[in-house]
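Please read them alongside the sequence and coordinates.

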Amino acid sequence: QIDRVITMEDCQNNIISELTITGGITYGDYPDNYGGGMYLRNSNPTLTHVTIESNTADEGGGMLLAGSNPTLTHVTIENNTANFGGGMVLVYSNPTITHVTIAINTAEYSGGMYLYYSNPIITNVTISKNTAVGGGGILLSFSNPTLTHVTIDNNTANYNFGGGMYFYSSTPTLIHATITNNSAFRGGGIGLQENSDVTLSNSIH
């Protein structure tokens, strides 16, 4: 069967816990090609102690959020694949992401996370060993997230900018961030384009 695992549209106050979301495959036209593991549209669930692994999609291999502001706590997103956002994609979404690991995901662009007009609060998160052509760990487009106590390491952008992080018209804030051992054609740790800037505080780069 070819389909995503979970679809939530216009859902509020749902709780998903102690669950593994795996084996989802999506393809075709919008929105059928979104979110191999999960697709959230205008939905704000709470996910706790959830693993999202081994899913495939055109965009958002693990999960895709559209106009959604969920809370993710103690979530692992790993071994997912996509063209955009191997681990997860945020589109006009502002989730709260805490104690989350995003690792070993692959994509053409943004192996770990892809943010588009999204400003999540990201705390105690590890983004590691993700691979893409550009934006190995995380790619920001018109997004201004706040990342605190994050580790971004061992991510790879094979032929483009930003092994760890790639910013396009974005101005994120990083506090107590460790950005190490990332590799790219240009900007192994951080690649910036189109009037991007970054505020770094008490961080290792």
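**Notes on a predicted model**

1. Asp10 is exposed, because its relative accessibility of 52% lies over the 50% limit. As a caveat for all points below, the structure is a predicted model.

2. The side chain of Asp10 meets that of Arg41 in a salt bridge, with an N to O distance of 3.7 Å. Since Asp10 sits in the loop between E1 and strand E2 (12–22) and Arg41 in strand E3, this pair ties together parts that are 31 residues apart in sequence. Arg41 has a relative accessible area of 31% and is therefore partly exposed.

3. Arg41 also forms a salt bridge with Glu9, where the closest N and O atoms are 3.9 Å apart. This pair likewise links distant parts of the chain: Glu9 belongs to strand E1 (residues 6–9) and Arg41 to strand E3 (residues 38–41), 32 residues apart. Glu9 is partly exposed, at a relative accessible area of 42%. A search of the whole structure finds two salt bridges, and Glu9, Asp10 and Arg41 are linked in a network of such bridges.

4. Turning to the aromatic residues, the count comes to ten aromatic pairs. In one of them, the rings of Tyr92 and Tyr117 are stacked, because their centres are 5.3 Å apart and their planes lie at 5°. Tyr92 is in the loop between strand E9 (88–91) and strand E10 (96–103), while Tyr117 is in the loop between strand E12 (113–116) and strand E13 (121–128); the two residues are 25 residues apart.

5. Tyr117 is partly exposed, with 36% relative accessibility. Its ring is also stacked with that of Phe142, the centres being 4.9 Å apart and the planes at 5°. Phe142 lies in the loop between strand E15 (138–141) and strand E16 (146–153), so its pairing with Tyr117, in the loop between E12 and E13, ties together parts 25 residues apart in sequence. Phe142 is partly exposed as well, at 31% relative accessibility.

6. Which residues do ring pairs link into a cluster? They are Tyr92, Tyr116, Tyr117, Phe142 and Tyr168. Tyr168 is located in strand E18 (residues 165–168) and is partly exposed at 30% relative accessibility. On the surface, Tyr92, Tyr117, Phe142 and Tyr168 form a nonpolar patch with about 380 Å² of accessible area together.

7. The largest nonpolar core holds 35 residues, of which Met38, Leu47, Ile52, Met63, Met88, Met113 and Met165 touch the most other members. A second, separate core has nine residues, including Tyr34, Leu64, Phe161 and Tyr166.

8. Beyond its neighbours within four places in sequence, Ile52 is in contact with Ile21, Met38, Leu47, Gly62, Met63, Val75, Thr76, Ile77, Glu78 and Asn80.

9. Is Gly134 buried or exposed? Gly134 is buried, with a relative accessible area of 0%. Gly134 is placed in the loop between strand E14 (131–132) and E15. Apart from neighbours within four places in sequence, the contacts of Gly134 are Glu108, Tyr109, Ser110, Leu139, Ala157, Asn160, Phe161 and Tyr166. The C-alpha atoms of Gly134 and Phe84 are 10.0 Å apart in space, although the residues are 50 apart in sequence.

Notes:
Residues numbered from 1 in each chain as written. Predicted model: local features only at pLDDT ≥ 70, side-chain atom pairs only at ≥ 80, totals over all residues. Heavy atoms only, no water. Core = buried A, V, L, I, M, F, W, Y, C linked by side-chain atoms within 4.5 Å. Buried < 20%, exposed > 50% of the residue type's maximum accessible area, 1.4 Å probe, protein only. Contact = heavy atoms within 4.5 Å. Phe/Tyr/Trp six-rings, centres within 6.5 Å; stacked < 30°, edge-to-face > 60°. Helix = DSSP H or I, 4+ residues; strand = E, 2+ residues; numbered from the N terminus. Patch = residues over 30% accessible without salt bridge, like charges linked within 9 Å, V, L, I, M, F, W, Y side chains within 5 Å. Areas by Shrake-Rupley, 256 points an atom, 1.4 Å probe, with all protein chains shown as cover. Salt bridge = Lys/Arg side-chain N within 4 Å of Asp/Glu carboxyl O.
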